[in-house]
Amino acid sequence: MFISGIQQVGIGVADVHAAFKWYQQHFGMDLPILGKAATAAAYAAIHRRSATGSARFWQSTCKAVAEWKSGSIPDGRRSPAFEPQLGDLGIYLGKIKCKEVTACFLDLEKKGVEMLAPIAERPDGTLHFYVRDPWGNPFEIVESESWYRSDLPAYTGGMYGATIGVSNMDTSVAFYNNVLGYDKVLYDETGTFDDFQGLPGGERAYRRVLLGHSQARKGPFSDLFGQTEIELVQAIDYSPRKIYENRFWGDLGFIHLCFDITGMEEMKAHCEALGHPFTVDSSGSFDMGEAAGYFSYIEDPDGALIEFVETHKIPILKKIGWYLNLRKRPDPEKPLPRFFFKALGMTRVKD
């Protein structure tokens, strides 16, 4: 059993096509992996999905969504009934890695992206800034040296992690260490922070812990995903609310953080032994249209959804019927050779 890295963050949207185009043009996520309507067994909803780079968009197509839009079901079931604040429980923002922070900031500002805060240093000295997409989802653009390819024109790369609100820091640190391998504390600070200014609630006091992993990830996509990080934030003088309270899986906003793994049965036993049993289990390979895999979910101590996906099949060049079957690899710990990803890159979407 091992984790290859963060595969994607799931985002509930009202229009997958508009979301794909925006993320392509602004975050460089231009590689569609899944693009067909399909049924999501998790949490009993029906969705249309589109996966690109490091984000997977989910658009509900079930009858309930039409009712939500007509107003017969409260808005709170579509999006949060309140504006999430820093420290509220659950996935608050997604992290995206960046090569040149200043150049990226100026580029996104020029494109009209909503900038929440100027460039600043985190407690570890890393440069970063915050933005918000057109649907209200905040992102941290953070400087990183972990790159699979640094020669591509986009300033940004894949999903680098997430900032997650927690109610008990020590309990959550233990969870992300023991379950997900984030065993390296990069900083642990308490107080008010200049770099949080501009985020809703950013003026308050917090304990924030940034976690990394000391061991390099293994598996077919480990080189592609690279290093990742999780930042946990606990409010000191504020009573946090659950970002996903009174809502359904797949509603608008950040749904889950997804890890690509190998060895689902071993992961299931591992999580059960630690007191975090699977809440959803596809019980074997699940057909995802153009791809296939085994997926499951657990929850962190405050209910944030963590998805595990064991990828079995992915499309490389669909036009000629070239699909990669990962279950037939003789050494599952070894990263895939680079020519696979070069071939996959031929399907990039251009403006």
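1. A salt bridge is counted when a side-chain nitrogen of Lys or Arg comes within 4 Å of a carboxyl oxygen of Asp or Glu.

2. Before you go on, a word on what you're looking at. This is a predicted model, where local features need pLDDT of at least 70 and side-chain atom pairs count only at pLDDT 80 or more, while totals for chains, interfaces and linings use all residues. Residues are numbered from 1 along each chain as its sequence is written, and side-chain values use heavy atoms, with hydrogens and water left out.

3. Now the overall inventory. The chain has seven helices and 19 strands; both are DSSP runs numbered from the N terminus, with helices (H or I) having at least four residues and strands (E) at least two. Of its 351 residues, 55% are buried. If you take contacts (heavy atoms within 4.5 Å) between residues at least 6 apart in sequence, 69% of them join residues at least 24 apart.

4. Find the open sheet next. Eight strands make it up, in the order β7-β8-β9-β6-β10-β13-β12-β11, with mixed pairing. Two strands pair if DSSP finds at least two bridges between them. At the edges are β7 (114-121) and β11 (184-191), each pairing on one side only. Neighbouring strands are turned by 20° against each other on average, direction ignored. As background, strands of a sheet pair through backbone hydrogen bonds, either parallel or antiparallel.

5. Zoom in on one pair in that sheet. β8 (residues 127-132) and β9 (residues 138-143) run antiparallel, with five bridges, and Phe129 stands opposite Ile141 in β9. Helix α3 (residues 101-110) packs on the sheet and touches β6 (90-98), β7, β8, β9 and β10 (156-165); its direction makes about 165° with that of β7. Axes are lines fitted to C-alpha atoms, for helices over the stretch in contact, and angles run from 0 to 180 degrees between N-to-C directions.

6. Back to charges: the structure holds 16 salt bridges. One of them joins Lys95 and Glu140, whose closest N and O atoms are 2.6 Å apart. Lys95 is in strand β6 and Glu140 in strand β9, 45 residues apart, and both are buried. For contrast, look at Glu245 and Arg241, which form a salt bridge at 2.6 Å between the closest N and O atoms. Glu245 counts as partly exposed because its relative accessibility is 28%, and Arg241 counts as partly exposed because its value is 38%. Shared partners tie Lys95, Arg122, Asp124, Glu140, Asp195, Arg208, Glu229 and Glu231 into one salt-bridge network.

7. Is His26 buried or exposed? With a relative accessible area of 12%, His26 is buried. You'll find His26 in helix α1 (residues 16-27). Its side chain reaches the backbone oxygen of Trp22 at 2.8 Å. That is a polar contact: a pair of N or O atoms within 3.5 Å, where within protein one must be able to donate a hydrogen and the other to accept it, and residues adjacent in sequence count only if both atoms are side-chain atoms. Beyond its neighbours within four places in sequence, His26 is in contact with Leu108, Lys111, Val113 and Thr156.

8. The largest nonpolar core has 51 residues, and those with the most contacts inside it are Phe27, Tyr176, Leu180, Phe259 and Phe308. α1 gives the most to this core, with five residues. A second, separate core has 13 residues, including Phe193 and Tyr206. A nonpolar core is a set of buried Ala, Val, Leu, Ile, Met, Phe, Trp, Tyr and Cys residues joined through side-chain atoms within 4.5 Å.

9. Last stop: β14 (residues 253-262), where 10 of 10 residues are buried. β1 (residues 2-12) pairs with β14 in the antiparallel sense over nine bridges, and Gln8 has Cys258 as its bridge partner in β14.

Terms used:
Buried < 20%, exposed > 50% of the residue type's maximum accessible area, 1.4 Å probe, protein only.
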